[in-house]
Amino acid sequence: MTIKIAISRNGEQIISDVKEVSSEDNFKGYLLKNPQTVLVSKNENLLLEEVDESVKIILSPWIPLSKDNEIFVIPDYIVAMVEPLDKITEIYLEKINEND
């Protein structure tokens with residue numbers, strides 16, 4: 001399992017288990033498993049997971065009206081891919097495991 005935060009072309013932060021997809025040694029894109037949109041908030045009135053005392057996050061399904069839990073994304077849609085903080089990974093894994 002490779003948990004990453006992908007930053008999309010439109011600025012969305014998407015956390016998921018990421019797999020690179022290739023065909024005949026040509027990179028085709030990414031397969032995002034259980035993708036969740038990451039929203040960062042300092043507003044304490046929302047339903048949030050606490051990251052530290054000043055930052056809170058909301059995880060919600062990236063495409064909430066889809067039954068698919070694996071989504072192929074073309075490379076042009078992703079502008080950056082980063083390692084999440086350990087606490088963010090922990091919150092993500094807790095959320096996807098409670099849905100199993």
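User: Hi! Before we dig in, what average pLDDT does the protein have?

Analyst: Hello! The protein averages 88, and 85% of the residues score at least 70.

User: And where is confidence lowest and highest?

Analyst: Strand E4 (residues 49-50) is lowest, with a mean of 56, while E1 is highest at 98. Where pLDDT is low, the predicted coordinates should not be read in detail.

User: Good to know. Which strand is Lys-4 in?

Analyst: Lys-4 belongs to strand E1, which spans residues 3-8.

User: Is Lys-4 buried or exposed, and why?

Analyst: Lys-4 counts as buried because its relative accessibility is 19%, and the cut-off for buried is under 20%. As for E1, 5 of its 6 residues are buried.

User: What does the Lys-4 side chain make a polar contact with?

Analyst: With the side chain of Glu-83, at 2.5 Å. Leaving aside residues up to four places away in sequence, Lys-4 also touches others, including Ile-14, Val-18, Met-81 and Pro-84.

User: Switching topic: which strands does E1 pair with?

Analyst: E1 pairs in the antiparallel sense with E2 (residues 13-23), over 5 bridges. With E7 (residues 78-82), E1 also pairs in the antiparallel sense, over 4 bridges.

User: Which residues face Ile-3 and Ser-8 there?

Analyst: Ile-3 is opposite Asp-17 in E2, and Ser-8 has Ile-78 in E7 as its bridge partner.

User: How many residues lie between E1 and E2?

Analyst: There are 4, and the two strands form a hairpin. In the turn, Gly-11 has a positive phi of about 95°.

Definitions and conventions
Residues numbered from 1 in each chain as written. Predicted model: local features only at pLDDT ≥ 70, side-chain atom pairs only at ≥ 80, totals over all residues. Heavy atoms only, no water. Buried < 20%, exposed > 50% of the residue type's maximum accessible area, 1.4 Å probe, protein only. Polar contact = N/O pair within 3.5 Å; in protein donor to acceptor, adjacent residues only side chain to side chain. Contact = heavy atoms within 4.5 Å. pLDDT = per-residue confidence, 0-100. Pairing = 2+ DSSP bridges.
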